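Here is a friendly walk through one protein model, written for someone seeing it for the very first time. Have a look at the picture, then read on.

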Amino acid sequence: MISRILSIAMKRYVMLLFAFLTLWEATSSVTHYSLPEEMEEGSVVANLAADLGLDVDSLSKRKIRLDIIDSKKYLEINKDTGELYIAQRIDRESLCTTKTSCFLKLDAIIQSPVRMFNIELEITDINDNAPHFRRDRIQLDISESAAPGERFSITNAVDPDVGSNSVRTYALSESEHFKIEIQTGRDGSKFADLILKKALDREKHAVHNLILTAVDGGVPARSGTASIIVHVLDTNDNAPQFDQDVYTLNITENSPIGSLVIQLNATDLDEGTNSEILYSFTIYTSEKTQDTFDLNPDNGEIKVKGEIDYEEIKLFEIHVEAKDKGQIQLSTHSKLIIFITDMNDNYPVISIKSFTSQVKENVVVGSVLALISVSDRDSGDNGHVDLTINEQLPFTLEKSSDNHYDLMVMKPLDREKVAEYDITLTVRDRGSPSLSDNETITLELLDVNDNAPQFRKSSYTIPVMENNAPGSLLSPVTAFDPDFHENQYLVYFIIEKEIANTSMSMLFSINPENGDLYALKTFDYEREKEFIFHIEARDSGVPPLSSNVTVHIIILDQNDNTPLIVSPWRAQGSVVEEVIPRSTDKGYLIAKVIAIDSDSVQNSRVTYQFLQITDATLFSLDQYNGEIRTMRMFSYRDPRHQRLVVIAKDNGDPSLSATVTIKLSTLEHVIKAFSETSEVPLEYDIFSDLNLYLLIGLGSVSFLLLMTILVTIVLKCQKPKPNKPTPPCRNSVVSQRSSTVADSTLVSNDAYWYSLFLAETRKGKLVVRQPVPKSGGYIVSSIPRSTGLTETSDSAASTLQYSK
């Protein structure tokens, strides 16, 4: 563009020169002046009127004037003085931009007559312009790989001044890497080249700021400066660098997924893509680690990706590579060691190494039942565990080694008290908060035959009603055995015992399985009143154990025996005849009816009543002792013969009875002693006639003595003393062993009875002592008399019978 401007100016100058030459030829004169540029306005250049030979006074009249060049009026003529002065500051550089010499041509035109004078004004240069660069800021991009000596072109400085006032030299600010070399162009212009004298390192000095100074040749010299900014272009000559070669950090297990572990920072001294870094795991990082942690390739953040379990992995080693994005990528490596801090997140574990779930109840104290180990995957106090069992159990834990225990028997065991134990093992760590777990094991005690059968009662008293049906169930006699299984199965036996040459197994039977006791025969109270024997219960253990119990069978009386009238004695179905004097007084004992009943207690209590009587006002009957007495004296109106029917009735339900008929005859002068002794006929007719005569003779001799004894006995029997046994009387049944009297009633349970019977013969009565069979028994009532009369009922006459 500058060359174009110079070309246009040159053409314009040529045209002016041609016009000037034409005018010069017309006028034949040119006035030449020389002046420096930049003169102040009003400065006089020359006296034009004098130089042109013009009259100063006529100048105003002739209207002198100067032609304007480029619309600028640089000079003016003072019409009064004819002086040429500066009307406008003249800048040579503006008028002559491309010329070394600068001339300003003016035409002075005068009227009347017209004349034109050519004026040449040479504008000389002064050093009014400093050199300057077209750009004050010069930027250069130089690769740091550039070799020393390499040359770089820079924009040269320009100076509008010419000649010695133009640019003569260049100067560069001090730099260890750069220098300049001044070159001279064909037109004499000066320019400088920037030369690299030392290799660049962008990482040390990325930008170099230089000052280039251009100096002209004027006096004083002027200068201009430009700033040269050298940007060192990066080459990928630096690998990324981590802050640390090895990172060590701690994180707790169970850290939340997505939580930040660390943000790696690798730096690259290069720039641009050469400094952009990508982070990645190296091949030395295990797959487990890569599954646990996530690495952001752009910013180096490592976050938790998967579950972190201290008990599985206590330490992670992560190898990370940082690689730049240069054309030729450079990389570096770093290692992260991540220690996992334990949390108390694992429950203690109980492991039963060996356990005997069944032991015999007689296991020895101190025996080991189970081997137990405990563990906790945590560490420190979190992994320190203690093992306990539930209290109040006959077991104990003995620590055999670290985290190993023996479960031992501490006290004797008894299956019959506790057959099964639930042993709860509790393990607890020492973490905070503490975690615990428990496990229950069941120990079953096997039975040992250590318990004999036990009957539910210490003895059994079993009442049995007589006349029972053979084979009837009497009572269960059961025992129990607290042992188990075969040790519990019982078999029942009757221990053999003979009574009256009869074995118990003939009388009773027991079910060997359930202990039901049966009667094998019908019992008769009048013959057997009780049985005492033993029953044994034996278990099926090895060896078997047994125990026995006493069984007392009591035969209960049933009213199955009719009262037997033993006094007054009469033959079967006959009538008793008695003869009394008619002159008897009131209260005279006519007869005494004695009846015995083989039954017992209430069933044997006999009462007496008149069933038939000729004259109820004449006789009275004591209902308890059977005495028949006169209520008054006989009168002449009373019949000579009296018939009395007496009924003896027991107290059973239903009541049984027997009757006796007494035919009473009265004589005027015959006194017949009435024997109060109970008359009991002999069961067999053992007396011959000879014997009868002997007995009558003997009876006659001892009659008086016998009567005295009998009267004494009767008196004593009628006045018993309390709390003392009543002595036997002649109408009482006498016990060979012992007897007791209750309510004037003689009761005896002995095997043998003795009764006094009146043996009636043809010529008299004889007292005979006769034993009653062992199995029989009698209760003879001797309750005090009562004068009251009772109703009578019909009953067949009975004879003396024995229960067999």
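Predicted model: local features only at pLDDT ≥ 70, side-chain atom pairs only at ≥ 80, totals over all residues.

Which residues of β5 make up its covered face, and which its uncovered one? On the covered face sit Leu84 and Ile86, while Glu83 and Tyr85 are on the uncovered face.

**The neighbours of β5**

Let's stay with β5 for a moment. Strand β4, residues 75-77, pairs with β5 in the antiparallel sense, over 3 bridges. Across that pairing, glutamate 76 stands opposite tyrosine 85 in β5. The two strands form a hairpin with 5 residues between them. In the turn, glycine 82 has a positive phi of about 80 degrees.

β5 also has β2 as a partner: the two run antiparallel and are joined by 3 bridges. Here asparagine 47 has glutamate 83 in β5 as its bridge partner.

**Zooming out**

Now for the whole chain. It has 6 helices and 59 strands. There are 804 residues in the protein chain, and 42% of them count as buried. The chain exposes about 42,800 Å², with carbon and sulfur atoms supplying 51% of that. As for contacts with a separation of 6 or more, residues 24 or more positions apart account for 68% of them.

**Charged pairs**

How many salt bridges does a search of the whole structure find? The search turns up 24.

| Residue | Partner | Closest N and O atoms |
|---|---|---|
| Arginine 89 | Glutamate 38 | 3.5 Å |
| Lysine 105 | Glutamate 120 | 3.1 Å |
| Aspartate 386 | Arginine 430 | 3.1 Å |

Take the salt bridge of arginine 89 with glutamate 38. This pair links distant parts of the chain, 51 residues apart: arginine 89 is in the loop between β5 (83-86) and α3 (92-95), and glutamate 38 is in the loop between β1 (30-36) and β2 (44-47). Arginine 89 has 44% relative accessibility, so it counts as partly exposed.

Next comes the salt bridge between lysine 105 and glutamate 120. Because lysine 105 lies in strand β6 (residues 102-110) and glutamate 120 in strand β7 (residues 115-124), the pair ties together parts that are 15 residues apart in sequence. Both lysine 105 and glutamate 120 are buried.

The last pair in the table is aspartate 386 with arginine 430. It links distant parts of the chain, 44 residues apart, with aspartate 386 in strand β29 (residues 385-389) and arginine 430 in the loop between β32 (420-429) and β33 (436-446). Aspartate 386 counts as partly exposed because its relative accessibility is 31%. Arginine 430 also counts as partly exposed, at 44%.

Some charged residues come in a group: Arg202, Glu203, Asp234 and Glu271 are linked in a network of salt bridges.

**A covalent link**

A disulfide is a covalent bond between the sulfur atoms of two cysteines. A search of the whole structure finds 1 disulfide. It joins cysteine 96 to cysteine 102, with 1.9 Å from S to S. Is that pair of cysteines buried or exposed? Cysteine 96 and cysteine 102 are both buried. Their link is right-handed, with 70 degrees about the S-S bond.

Conventions:
Residues numbered from 1 in each chain as written. Heavy atoms only, no water. Salt bridge = Lys/Arg side-chain N within 4 Å of Asp/Glu carboxyl O. Helix = DSSP H or I, 4+ residues; strand = E, 2+ residues; numbered from the N terminus. Buried < 20%, exposed > 50% of the residue type's maximum accessible area, 1.4 Å probe, protein only. Disulfide = S-S within 2.5 Å. Contact = heavy atoms within 4.5 Å. Areas by Shrake-Rupley, 256 points an atom, 1.4 Å probe, with all protein chains shown as cover. Pairing = 2+ DSSP bridges.
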